[in-house]
Every structure is written in C-alpha cells, then in structure tokens.
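Let's take a walk through this model, one spot at a time. Keep the sequence and the 3D view open as you read.

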Amino acid sequence: MNFIKSLSDSKNKSVKIIYIFAFIIFSVLTLIGALNHEIWFDEAQAWNIARDNDLAGIFRMMKHEGHPALWHIILHILSKLGVTASFLPLVSWFFSMITVGIILLKSPLHPVMNLSMMFSMGFLYANTVISRVYCILQFILVMLACIYPRRKEHPLLYGLCIALLANTHIVMWGLIGALGIYMIIDFFKECKKASKKENVLRITGIAIAGGGVLMLILPLIGCMTMEGNTSVAETTFTVKGIFRSLIHYTNNICDFFISFSKTKPINYFLLYILGIFILLIPVFMRHSAKNCIIFVSFMFGYFVASEVIWYQNVNRAALFILVVFITLWLIKTENNHTPKNRQLNLKMDSELLKKFIKTLISIDNKWYRSCCIILTGIMMLSFPAAFYNLFKDYSSYFSVEKAAADWINENISKDALIVSDNEGNCTVLAAYYPEYKFFSMKSNSYYTYHTHSVTSEEYEYEEIEKVLSDYDEVYYVSWEQKEYIESPLNHIEFLFKKDGCMELLIYNYYFCIKRFDLQEFKEEKEALYMEHATINT
C-alpha cells in the first residue's frame, strides 16, 4: 500500500527512480526487438515507395495507398540520407523512445497509468518494433496533449500539431475535425477581447491546421484501395443495430490489443465485457462535455473508417487505447475532473435494487476515476500478449521473406532478373536488396513495390519475352501459404535445392525460386485455364 501511495505523487523521488529504471528496461527490450525485427509487406511497401519516388511521385501514389503522405516523406528523407531497409525498425523505435520519455516527464496522469501505457501492447511491441506510421502518430498525439493547455498562447504550434496529425492516418479525421471546430469557436469567442497580433496568430494557426486537412484530403481523392470490412459484415442503422456494431468493434479492439496471437488467452465473453467497459468511458466523460465531444468525434471517425476503408488490426487497436489516454490527459490538465456529489432518494421496495442503483450513481459520481481504472485495467491485461509477441519477434522470423531475401543475396548473381506474376511477392525482397531487378509479368513492368496497376487477365508473352532476352539468368519467385503447420519458432526447412531451383518451407509459407522458362510457364497457365473451364462447364 505504501508503494502505491508513493506513486500518487509524480514529484516523489521514488517515482522518478522507478520511471528511470522502467524506461531503461523498456528501451533495452524494445531495442533488441527492433534490431531483430524483419519487415513485412506493409513496412516494405511504404519504404520502397518513399525510396524510389520523388515527392511528386509519393503524392501520386497516396491515392492508391489510402494513406496521407507524412510517413512516406519522413522515409524519403531518411533514404536520401543513406538509411537502408534493415534500419527501418529503428525509426519507429526512436520515435517511441521520445514519446514515452515525454509521457513520463509531462503526463499529469497517475504514475501507474503512465507505466501501464509504456508496457502495453502499443508501446512495448506493436507500434515500436513494427515500423509503420503509428509511431509518429503516437508522438504527435502526445505533443498535442502537451501543447493543448497553452493552445491559445501558442496557436501556430497547436495548428501545426493538428496539421501533422491530419497527415498520419485517415482514422484520425473525426478527432481532427473536432479539434479544428473548437479552434474556430475559441477564436470567435475571444477575438473581440484579444489584441490584433493575437488574432493574426490565431488565424494563421487555423490556416495551418486547415492546410494540413487539405493535404490529407486532396491526395486521397479517387482512392482505389477500398478494403472490405472484416469486423462487421453489415451495419443495421437502428438503435439496436448500431449498439450491436459498437459492441462488436470495441470487442475487436480488446481482442487485438490484449490477445494478438494465434491462441487467445481471454475468452470472447470477457472481450465483450471489456468492449462494454470501453463504451462506458464516453458515458462517464459526459461530465466534461467538450472533451467528451472530442472523444466521441474520434470514435465516430475511427469506426466509420474501419467500416468503409480499413479493417481492424493491432496497430489501430493500440491507437484507440492511446486516444483514451490522451483524452483523460486533456481532462486532467483542464481541471475538468471534479467528482459529482449526487444523492437520490429512491422510493422502491427492493433494497437490493436500491443498493445497486446507488452503487452505479456512486461510480458515475467518481467518473474520472472510473475511466482511469477501466483504461489501466485494459492496458495491464495487454502485458502478457505484448511480452509474448516481443519475445516471439526476438526468437523467430516475423517476416518469412527475410530468410528468402538473404538466400537470394547469397546464391544469385546481382545481374539476374527476378520475375513474378504477383507484385506482392518481391516487395520485401526489393526493400532489403534493391540492387536486384524485379519484373512483374502482370503489369509487364519493372517494380519494387505494388503499383496497383490495372492489369490484364492475359499475359503479353511476346512483350515479356523481349524483356527476358536481355538477361542471361532469369528466376521465377512464388509464395504459397499452406495450412498452419506446428513448428519450432525458428523453423526453416530446405525442401530441396537442385537444377537451379530452391524451395523453402518457412512456418506455413512455401517459397520457391527457380530458373524461369517462359514457354513452360505459358503451358502451365494454359493447362490451368483449361482445367478451370472444364470444372465450370
């Protein structure tokens, strides 16, 4: 009890010592994870787009990628400075270290909450070791929380934070919209009392935020990557249907955040209970009306984006939990967390029911504490999955393509051409070893990332043959996912290697690279076409 009590004072010397040791442990664990992490398709796709395009080309690609360009611009700058794909996980690690440091130094929340956030799924693993846009999204959110209490004194910095936040991920549109609207409302409320200089600065801050929103919208017009929803098949727009969808989404957030693994340590019943608890947070927040509106706006934008564009995943589940954390931070800094003191004289026969209702009222009276307890509990529940996945990344291949890329580098000449009939097959290979040339037979072009080109169902064999004639060595790469095979963490099995062909079984992936014969490939495709035609007939 004395230990818990000592944590309640963020200025307490023992708390600072605990923070320092916790930060060192966190830094070492995640650094080892980052150094051992193999990038996968999404990480490689962003890296290759950034490395192999100028800024104009990056913005052109964003309408296909469904993302704002900020992450790609950062990667573009790093690639020009000589950074390679192998160091990509260190980029996310670097941003997370700064973000965690700011939380420990500046967060007004209870130290137990701060430490729980540090070792939760998002920071310990998902958005620190896996290098995607979420690492800078976390950083910008925390910076915004620091600036928020002084947003009227520093409107340019505040506007810049909103502009940068707008260019991280489309799921942030609801939060950005609410912050921008309140920024405008605050300006009109106080413009008559403020000096001319203050008004100019605030208008400029609003313009910067608005420019950031335009940079989000314009590149995404005509976006072609509209992915089907994998969380809820169809939303029924009735009160019952919407509530059912909300429970389902929040259940999925808990599912990914707490049990990101093949075996789920928590049953579905508990996940649904946790989903209901998450939905209680904005109910409790209603006592701080403005912050409640900001958070509900984020929830609305998050769920709409999940329904229409992006499916749920562990990175976005961690992001949702972080926004709850940030919202409680804002409430605390504005001193909008005063407990209520409502007493109701209930006239009912059932003493048990009366006691239950009074308990609910008491919990609601202590609404801010209730929110903090719910959030801290969910973050702590994610510890086992966070440590499990971090250890798994230490000891096994996160991306099976890395083993294949290393084999190619050791055994195949750099003058060879590597072909595939699926652009996704070689994206990670091209990230690690850009000195090789990769050719897509579907789009009939050289590539290093999935270009989303409109391709024909039929191969242009004559055009392909012209390209292949320029190379003495041509290899064909293919991947096929088999049924899940139980295997040791580091299981890589060479099936055979002969006649210019190498096959690997890596976990449940079957990788093949072999000398390419266009005529043989053509005959195989025609035979497969005839087989399908016969079955359909």
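Start where Leu137, Ile140, Leu141, Met143, Leu144 and Ile147 of H9 meet Leu157, Tyr158, Cys161, Ile162, Leu164 and Leu165 of H10, a contact being heavy atoms within 4.5 Å. Sorted by class, this contact of H9 with H10 has twelve nonpolar residues, no polar and no charged ones. Here Ala, Val, Leu, Ile, Met, Phe, Trp, Tyr, Cys and Pro count as nonpolar, Asp, Glu, Lys and Arg as charged, and the others, Gly among them, as polar.

Before going on, a word on what you're looking at: this is a predicted model, in which local features need pLDDT of at least 70 and side-chain atom pairs count only at pLDDT 80 or more, while totals for chains, interfaces and linings use all residues. Residues are numbered from 1 along each chain as its sequence is written, and side-chain values use heavy atoms, with hydrogens and water left out.

Back to the pair. Two packed helices are described by the angle between their axes and the distance between the axes. For helix H9 (residues 134-147) and helix H10 (residues 155-166), the angle is about 155° and the axes are 10 Å apart. Axes are lines fitted to C-alpha atoms, for helices over the stretch in contact, and angles run from 0 to 180 degrees between N-to-C directions. H9 and H10 are therefore roughly antiparallel to each other, a label for angles over 145 degrees. Their crossing is left-handed; that is the case if the near helix is turned anticlockwise from the far one by less than a right angle, and clockwise makes a crossing right-handed.

Now compare helix H4 (residues 55-65) and helix H5 (residues 70-80), which pack at about 150° with axes 10 Å apart. The crossing of H4 and H5 is right-handed. Leu55, Ile58, Phe59 and Met62 of H4 make the contact with His72, Ile73 and His76 of H5. By class, that gives five nonpolar, two polar and no charged residues.

Zooming out, the protein has 23 helices and seven strands, taken as DSSP runs (helices H or I, at least four residues; strands E, at least two) numbered from the N terminus. Of the 537 residues, 51% are buried, meaning under 20% relative accessible area, with exposed over 50% and partly exposed in between (1.4 Å probe, protein chains only).

What does serine 382 touch, leaving aside its neighbours within four places in sequence? Serine 382 is in contact with Ser120, Met121, Phe257 and Ile258. It sits in the loop between helix H18 (367-381) and helix H19 (383-395), and because its relative accessibility is 0%, serine 382 counts as buried. Its side chain reaches the backbone oxygen of methionine 379 at 2.7 Å.

With 1% relative accessibility, isoleucine 258 counts as buried.

Finally, look at the strands. Lysine 437, in strand S2, is partly exposed at 44% relative accessible area. Not counting residues up to four places away in sequence, lysine 437 touches Ala416, Leu417, Ile418, Tyr446 and Tyr471. Lysine 437 and leucine 417 are 20 residues apart in sequence, yet 5.4 Å apart C-alpha to C-alpha. In the loop between strand S2 (437-440) and strand S3 (445-446) you'll find asparagine 444, which has a positive phi of about 55° although it is not a glycine.

Note on methods. A polar contact is a pair of N or O atoms within 3.5 Å; within protein, one must be able to donate a hydrogen and the other to accept it, and residues adjacent in sequence count only if both atoms are side-chain atoms. Angles under 35 degrees count as roughly parallel, over 145 as roughly antiparallel, 65 to 115 as roughly perpendicular and the rest as oblique.
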